[in-house]
Amino acid sequence: MPDIRALSAEEARAAIADLADVLADCVAGGASVGFMQPYGPDDAEPYWRDVADAVGAGVSLLLVAELEGRIVGTVQVGSAQMPNQPHRGDLKKLLVHRSARGRGVARLLMEAAEREAAKHGKTLLVLDTATGSDAEAIYPRLGWQRVGVIPDYALWPQGGYCDTTLFYKRLA
């Protein structure tokens with residue numbers, strides 16, 4: 001069973017190499033998460049430095065899943081919203097290393113992200129994901145409501161347009 005925990009900014013900085021490995025693996029596997037192939041761990045490190053800074057500034061929560069002392073998954077909740085949206089958070093970058101898939105890591109990360117967001121006063125979470133991706137199927141099973149699809153929203157990491165499906169979830 002993976003261990004799920006939130007990281008401080010300092011812990012995030014110390015984990016950059018592991019986080020970069022997870023992100024690079026997901027992009028290599030075709031995940032449309034904002035980056036284009038070829039994309040390796042070195043390419044991912046600046047992204048994770050920015051995430052660690054956001055955690056330090058209190059505008060993002062970063063959770064990780066660890067198996068046998070190794071980070072195999074991660075998710076973020078962005079909490080820096082406009083003044084009229086203090087109740088809303090953006091779920092970002094649910095990533096699970098391909099070697100750890102099928103073990104419930106995504107579900108555990110999502111459940112922990114929802115709990116942490118609620119602790120920080122969030123009552124509504126939103127996310128977007130690539131339409132037709134394996135990730136898209138996860139969210140309805142976890143109680144997320146599908147809003148709709150935006151065509152040609154992004155590119156697949158290997159090229160070609162990618163539609164995006166929007167979801168939301170109210171937190172108890």
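Gly 148 stands opposite Leu 166 in strand β7, and this pairing belongs to an antiparallel arrangement in which β6 and β7 (residues 161-170) are joined over 7 bridges, where two strands pair if DSSP finds at least two bridges between them. The model is a predicted one, in which local features need pLDDT of at least 70 and side-chain atom pairs count only at pLDDT 80 or more, while totals for chains, interfaces and linings use all residues. Residues are numbered from 1 along each chain as its sequence is written, and side-chain values use heavy atoms, with hydrogens and water left out. Helices (H or I, at least four residues) and strands (E, at least two) are DSSP runs, numbered from the N terminus.

**Strands β6 and β7**

- The two strands β6 and β7 form a hairpin with 5 residues between them, and Gly 159 in the turn has a positive phi of about 105°.
- Asp 152, which lies in strand β6 (residues 145-155), has a positive phi of about 50° although it is not a glycine.
- With a relative accessible area of 48%, Asp 152 is partly exposed, a class that lies between buried (under 20% relative accessible area) and exposed (over 50%), as judged with a 1.4 Å probe and protein chains only.

- Strand β3 (residues 70-78) is largely enclosed by the rest of the structure, because 8 of its 9 residues are buried.
- On one side of the pairing, β2 and β3 are antiparallel over 8 bridges, and Val 64 has Thr 74 of β3 as its bridge partner.
- Strand β3 is also joined by 5 bridges to strand β4 (residues 88-96), again in an antiparallel run, and here Thr 74 stands opposite Leu 95 in β4.
- The hairpin of β2 and β3 has 2 residues between the strands, and in this hairpin Glu 68 takes a positive phi near 50°.
- Lys 93 lies in strand β4 and has a phi near 50°, which is a positive value in a residue other than glycine; at 24% relative accessibility, Lys 93 counts as partly exposed.

**The surroundings of Glu 66**

- Glu 66 lies in strand β2 (residues 60-67) and is buried, with a relative accessible area of 16%.
- The side chain of Glu 66 makes a polar contact with the side chain of Arg 5 at 3.0 Å, a polar contact being a pair of N or O atoms within 3.5 Å in which, within protein, one must be able to donate a hydrogen and the other to accept it, and for which residues adjacent in sequence count only if both atoms are side-chain atoms.
- If its neighbours within four places in sequence are left aside, Glu 66 is in contact with Pro 2, Asp 3, Arg 5 and Ile 71, where contact means heavy atoms within 4.5 Å.

**Helices α2 and α3**

- The axes of helix α2 (residues 16-28) and helix α3 (residues 41-56) come within 8 Å and cross at roughly 120°; such axes are lines fitted to C-alpha atoms, for helices over the stretch in contact, and angles run from 0 to 180 degrees between N-to-C directions.
- The residues that make this contact include Ile 16, Leu 19 and Leu 23 of α2, together with Tyr 47 and Trp 48 of α3.
- In the loop between α2 and α3 lies Pro 38, and the peptide bond from Gln 37 to Pro 38 is cis, with omega near -5°.
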